[in-house]
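This report covers the pocket, the surface patch and the salt bridges of one protein model. The sequence and structure come first.

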Amino acid sequence: RWAVAHLDLAADKQSPVGRRLNRPDSVLYFLWGMFWLLMLAVALQDYYRNGGARLWQPVLWEGTSLAMATIWVVLQRRVDRKYAVYLDRPLLWIGHHVKWLPLVVLTFIPTVYAVRHGIYALLGQTYTHESWSYVLVYESMKLVLFYGLWLGLIFGFDAFAQSEEQRERLVALQESVPP
């Protein structure tokens, strides 16, 4: 007499091709944009306060970081969908994401600095910075901290979204079972 229903809580009902941004992704991308506007405002203010006269420079510095970081954020959000099944096991979820960190560091720093050097060269100027060993250590530390903060934020958003989705499915299931 008892009806048994199977509820696949991790299933994605939409195909990835026709998928629109879900609410958590929309919020994350909005926060991402606001974060970079804040970073640009701080960089411009700091540059101006320290006597800088070429405002294109901090825009270039922040813009190159923004462009490369945005590429990685979009890639992370796409790959994250296959790791959603691990949200109930946070250490496993984090482990799957952290394995990408060396590739992020190895692509982010050289790409950002190559673009900066290239643009300065096109303008007939020289882009000067600390020694390469200092840059690698400093930028790597910043990336590790930023990556950790980003993972914490998206874990919270994704876990909440999955929890809400599970709740909605359970409510729908309860409503579909006759009394």
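Which residues lie nearest the centre of the largest pocket?

## Basis

This is a predicted model, in which local features need pLDDT of at least 70, side-chain atom pairs count only at pLDDT 80 or more, and totals for chains, interfaces and linings use all residues. Residues are numbered from 1 along each chain as its sequence is written, and side-chain values use heavy atoms, with hydrogens and water left out.

## Largest pocket

Glu62, Ser65, Arg116, Glu139 and Lys142 lie nearest the centre of the largest pocket, within a lining of 35 residues. A pocket here is an open set of points on a 1 Å grid over the protein atoms alone where a 1.4 Å probe fits, with protein on both sides within 12 Å along at least five of seven lines; lining residues have an atom within 4 Å of a point. The space in the largest pocket is about 1100 Å³, a volume being the space filled by probe spheres set on the points, which are joined across faces, edges and corners.

At least two lining residues come from each of helix H1 (23–49), helix H2 (56–83), helix H4 (101–122) and helix H5 (132–176). Helices are DSSP runs (H or I, at least four residues), numbered from the N terminus. The lining holds 24 nonpolar, five polar and six charged residues; Ala, Val, Leu, Ile, Met, Phe, Trp, Tyr, Cys and Pro count as nonpolar, Asp, Glu, Lys and Arg as charged, and the others, Gly among them, as polar.

## Nonpolar patch

Phe30, Leu31, Met34, Leu37 and Leu153 make up a nonpolar patch on the surface, with about 460 Å² of accessible area together. Patch residues have over 30% relative accessible area and no salt bridge, and nonpolar side chains (Val, Leu, Ile, Met, Phe, Trp, Tyr) are joined within 5 Å. Areas come from the Shrake-Rupley method with a 1.4 Å probe, and for residues only the protein chains shown count as cover.

H1 gives the largest share of the patch, four residues. Leu31, in helix H1, is partly exposed at 36% relative accessibility (buried is under 20%, exposed over 50%, partly exposed in between; 1.4 Å probe, protein chains only).

## Salt bridges

The count is six salt bridges, each a side-chain nitrogen of Lys or Arg within 4 Å of a carboxyl oxygen of Asp or Glu. Lys142 and Glu139 pair with their closest N and O atoms 3.5 Å apart. Because these two are three residues apart in helix H5, about one helical turn separates Lys142 and Glu139. Lys142 is partly exposed at 39%, while Glu139 is buried at 9% relative accessible area.

Asp88 and Arg89 also meet in a salt bridge (3.6 Å, N to O); Asp88 is exposed at 58%.

Definitions and conventions: Patches are made of residues with over 30% relative accessible area and no salt bridge: like charges are joined within 9 Å, nonpolar side chains (Val, Leu, Ile, Met, Phe, Trp, Tyr) within 5 Å.
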